Amino acid sequence: MDESPTVTAADYTLTANSAAASAAERTRLMEAPAFGMVFTDHMARATWTIDGGWGNRRVEPFADLALHPGATVLHYSQQVFEGLKAYRWADGSTRLFRPEGNARRMAASAARLGLPALSEQDFLASIEALLAVDGDWVPTEGESSLYLRPLLMGTEPCLGVRPSHEVEYLLMACPVGAYFSGGVRPVSIWVAQGFHRAGEGGTGQAKTGGNYAGSLLPQQQAQDNGCDQVLFLDAREDKYIEELGGMNVFAVRRDGTVWTPRVTGTILEGVTRASVIELLRAEGREVVERDISLEALREGISDGSVVELFACGTAAVITPIARLVSPDFDVLVGDGGPGTLTMHLRTVLTDIQYGRRDDQFGWMTQIA
Ligand SMILES: *Cc1c(COP(=O)(O)O)cnc(C)c1O
């Protein structure tokens, strides 16, 4: 039995931003926004205390935060976040893609980081409340969207190492243009050398900023080696592929089957990953979630038994991978161009997200 009181968007009290962008200014800001650089006029917030639970739900002007320098998040990284998008459909409505998946994942991430969960209903209510006032920030251009960034963090001024007794929930939003502005461009991937993203029993399955902090140096090394992204191997044997810094990976085999690393607790389980698997299975394809050694992958690419490689996540949806590089090898996947199945998946997913195709799985939620 759910004993938590019903939370709706009406529980988020609005304080309007008197300095909100004018329509002309908003249009200018939304012209070609770099990812995560332009923020809307408001943010949604809620505060949790150990005695009172969640309360003080509000939508207020987007502004700098007042944070005590001793706040837990600043010292011990007690923080989790989410990432999802609001899409404008041709009929003017605004829809979310599988937001309940993000709500559930944030609750699971929160549990791992010793943070209180926000209910699924509250998560959706906060989005609805923010979009009610910032709805004009959802772009209308093809393949652009409003990126939503929910965040939970420990804010109690306390240098003692224990879960914070005060937690802040924040929801901010950024209009984002098409990820690939000049058409889909396959990326090259560098295999991390001597660094791992996550270990067994660690926080790899949680969407927490610390995982990203640890990926920045290997990501820099990928770039130093002429690659776009870094691929991490498992920490125990340094042998099996896991994922990129912020995207899951798939390999398409010549026999038509599709392989992706099984989730073992060290891989972040993407909503896009789950959707790709469901989509492929609905199309009658065999999807195998298994351990994939780097060795087998490299050999498969070289002997032609692996014909496509792609990464997936909310920001870029599906990204074709053209090259796999390490100090020992540099192999081109297929002819290096975007694969047929890769591009098919990309089209189907984006068509569902933008309402150009029947939502056969019931993945879209109308929010405004
Ligand atoms: C967010 C994230 C993904 C992708 O998840 P989606 O729900 O598909 O956006 C993959 N890996 C990591 C490490 C992530 O943080």
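1. A nitrogen atom of the ligand lies 2.5 Å from an N or O atom in the side chain of Glu 243. On the oxygen side, a ligand oxygen is 2.6 Å from a side-chain N or O atom of Thr 272, and a polar side-chain atom of Thr 314 is likewise 2.6 Å from a ligand oxygen. The protein covers 97% of the 380 Å² of accessible area that the ligand has on its own (Shrake-Rupley method, 1.4 Å probe).

2. A word on the basis: this is a predicted model, in which local features need pLDDT of at least 70, side-chain atom pairs count only at pLDDT 80 or more, and totals for chains, interfaces and linings use all residues. Residues are numbered from 1 along each chain as its sequence is written, and side-chain values use heavy atoms, with hydrogens and water left out.

3. Now the surroundings. The ligand is surrounded by 15 residues (a heavy atom within 4 Å), and the closest are Lys 207, Tyr 212, Glu 243, Thr 272 and Thr 314. By type, the shell divides into 4 nonpolar, 7 polar and 4 charged residues, where Asp, Glu, Lys and Arg count as charged, Ala, Val, Leu, Ile, Met, Phe, Trp, Tyr, Cys and Pro as nonpolar, and the others, Gly among them, as polar.

4. Finally, the cysteines. The structure holds 0 disulfides (cysteine sulfur pairs within 2.5 Å). For Cys 227, the closest cysteine sulfur, in Cys 312, is 19 Å away, so too far for a bond. Cys 227 counts as buried because its relative accessibility is 5% (buried means under 20%, with a 1.4 Å probe and protein chains only). Cys 174 is also buried, at 4%.

Notes: A polar contact is a pair of N or O atoms within 3.5 Å; within protein, one must be able to donate a hydrogen and the other to accept it, and residues adjacent in sequence count only if both atoms are side-chain atoms. Buried means under 20% relative accessible area, exposed over 50%, partly exposed in between (1.4 Å probe, protein chains only).
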